[in-house]
Amino acid sequence: MRWGRAVLALVFATVLAVLAGGCTRAPETKSLMDQVATAPVGPDGLLDGKPYDGTTIRLLTCCATVPQFAALHQRTAEFTDRTGIEVEWSNIPYAAYLQKIVAESAIGGGTYDALIWPDAWGPSLKIGVQPLNEVMAAHKVTMDDFSGPFEEAAAAGDPGTTYGMPIRGFSYNLFYRKDIYAKLGLEPPTTWDEYYGQLETIKKATPEYPVAGQFNRRNGQNLNTWLSMLWSNGAELLDAEGRAAFDTPAGVAATERYLESFRAGYSPPESSNWGELESTKAFQNGDAATVFTWSWHLEDFANPTKAAPELAGNVGVAPMPGFPGHEAQSYAYTWLAGVMNTSDNQGAAWEYVKWMTNAATERAITLDKSSPATSTGITMHDSNMLDPAVNAANNGLPRLQYEALQSARAIPMNLDWPRIMDVLAVAISNMANGDDVRAQLTDAARRIDELD
């Protein structure tokens, strides 16, 4: 679920302009700690004695049919039995959800008590959510069981502050056809040179395309692999002052290597117009030998009702390759859950956020394979990613994700990211269609540095 970052920038800029122009006032922030009941914290992290019994809270979210969210929704009855708190879920279509979440954060309305949001939105919407540090300390909740990129996303650009608890996230990985690799005597690559050599071998020996790439600018999806390659070659996206830093020799070399997968014919010609959906579908349909994508896609790749028969039992997963002399780095993506600071039910909302993001809740969901509608391998807690039972139930992906996350990075947590992303996505698309790499990177760097 990754959409709409450029739209977010426009919507939020409009809202802030309205506030700045005095057309309306920002919502009144209410204290979280004043609403938190004084009660013992039980072994499950929730308050004993049902101090919020009879309270109803509303959760602002979209995408309720995503298996992980569907499982949380279904199991909320257990939370209600334990706490006496009723929870109403919204299920707003994504485009409307984007506008709703911005309006609730910047203008208020008091309709919702808790919310879920993607990492890129954090720096913009944190004006509408509560910092959680004080209540976390009071209830002995820590970030110790979360990997670095998830903590970074939770801080929303304010190191040391936690605005949301990680609830959904994944690393970026290489998926490959184990049968094709075995037939050709190939092993998962550790370097980009090795990987491109494999693509050439596959191109000559099989009817499948060696890789299903994604080079369309849509929602910045053509940046995912590029970012991993950029970082893995020792280059940076932005420097410490927030200025463009990718138009260096290392950045140019990484970009040229990235584009080689398309320019050398390893990815289908039509992939110049592909995003995440099209590239993963090509792999899922058996038309490609490899694909780079988010770890959660294993749910579809391993699902016999969705994937081509030749994919059954043949999906391999490997970390992102690296460049010689540098540590290979992946890209991590995170969703957070937090408490609206205009809510009159913040104490009850915090109880629900704790429950949704608790390691035990997550573990129970990842082990439950009773229904495809709620079956998921999404794990956020290190303890669950390293749990043998969780790995056995989810094709070993949690442990591999844990390993990838140790050197993974989050996108820049700043207000300018949506506009930066759009500039870069256009440049990548232009380069994939033949424009000069160095010239495009230089121009993109200039445009980013000129953003006001």
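Modeller: Let us begin with residue classes, in which Ala, Val, Leu, Ile, Met, Phe, Trp, Tyr, Cys and Pro count as nonpolar, Asp, Glu, Lys and Arg as charged, and the others, Gly among them, as polar. This is a predicted model, in which local features need pLDDT of at least 70 and side-chain atom pairs count only at pLDDT 80 or more, while totals for chains, interfaces and linings use all residues. Residues are numbered from 1 along each chain as its sequence is written, and side-chain values use heavy atoms, with hydrogens and water left out.

Colleague: OK, so by class, what does the lining of the largest pocket have?

Modeller: The lining of the largest pocket has 13 nonpolar, 16 polar and 10 charged residues. A pocket is an open set of points on a 1 Å grid over the protein atoms alone, with protein on both sides within 12 Å along at least five of seven lines, whereas a cavity is a set where a 1.4 Å probe fits but cannot get out, and lining residues have an atom within 4 Å of a point.

Colleague: And what volume does the largest pocket have?

Modeller: The largest pocket has a volume of about 880 Å³, and of its 39 lining residues, Trp 296, His 297, Glu 299, Asp 300 and Lys 306 are the closest to the centre.

Colleague: Which helix gives the most to that lining?

Modeller: Helix 11 does, with 6 residues, and helix 11 (276–284), helix 12 (298–301) and helix 17 (397–405) each supply at least two residues of the lining of this pocket. Helices (H or I, at least four residues) and strands (E, at least two) are DSSP runs.

Colleague: How much space lies in the second largest pocket?

Modeller: About 270 Å³ lies there, and of the 15 residues lining the second largest pocket, Lys 140, Val 141, Thr 142, Thr 357 and Asn 358 are the closest to its centre. The lining of the second largest pocket has 5 nonpolar, 6 polar and 4 charged residues.

Colleague: Switching to cavities, how many of 30 Å³ or more does a search of the whole structure find?

Modeller: The search finds 3 cavities of that volume, and about 120 Å³ of space lies in the largest cavity. Of the 14 residues that line the largest cavity, Gly 213, Thr 225, Tyr 258, Ser 261 and Phe 292 are the closest to its centre, and the lining divides into 10 nonpolar, 4 polar and no charged residues.

Colleague: Where does the largest share of that lining come from?

Modeller: The largest share, 3 residues, comes from helix 8, although helix 8 (192–205), helix 9 (224–232), helix 10 and strand 5 (290–294) each supply at least two residues of the lining of the largest cavity.

Colleague: What about the second largest cavity, what volume has it got?

Modeller: The second largest cavity has a volume of about 80 Å³, and among the residues that line it are Gln 68, Leu 72, Pro 166, Met 356, Thr 357 and Glu 362. Helix 2 (67–83), strand 4 (165–177) and helix 14 (359–367) each supply at least two residues of this lining, with the largest share, 3 residues, coming from helix 14.

Colleague: And how do the residues of that lining divide?

Modeller: The residues lining the second largest cavity divide into 6 nonpolar, 3 polar and 1 charged.

Definitions and conventions:
Points joined across faces, edges and corners; volume = space filled by probe spheres on them.
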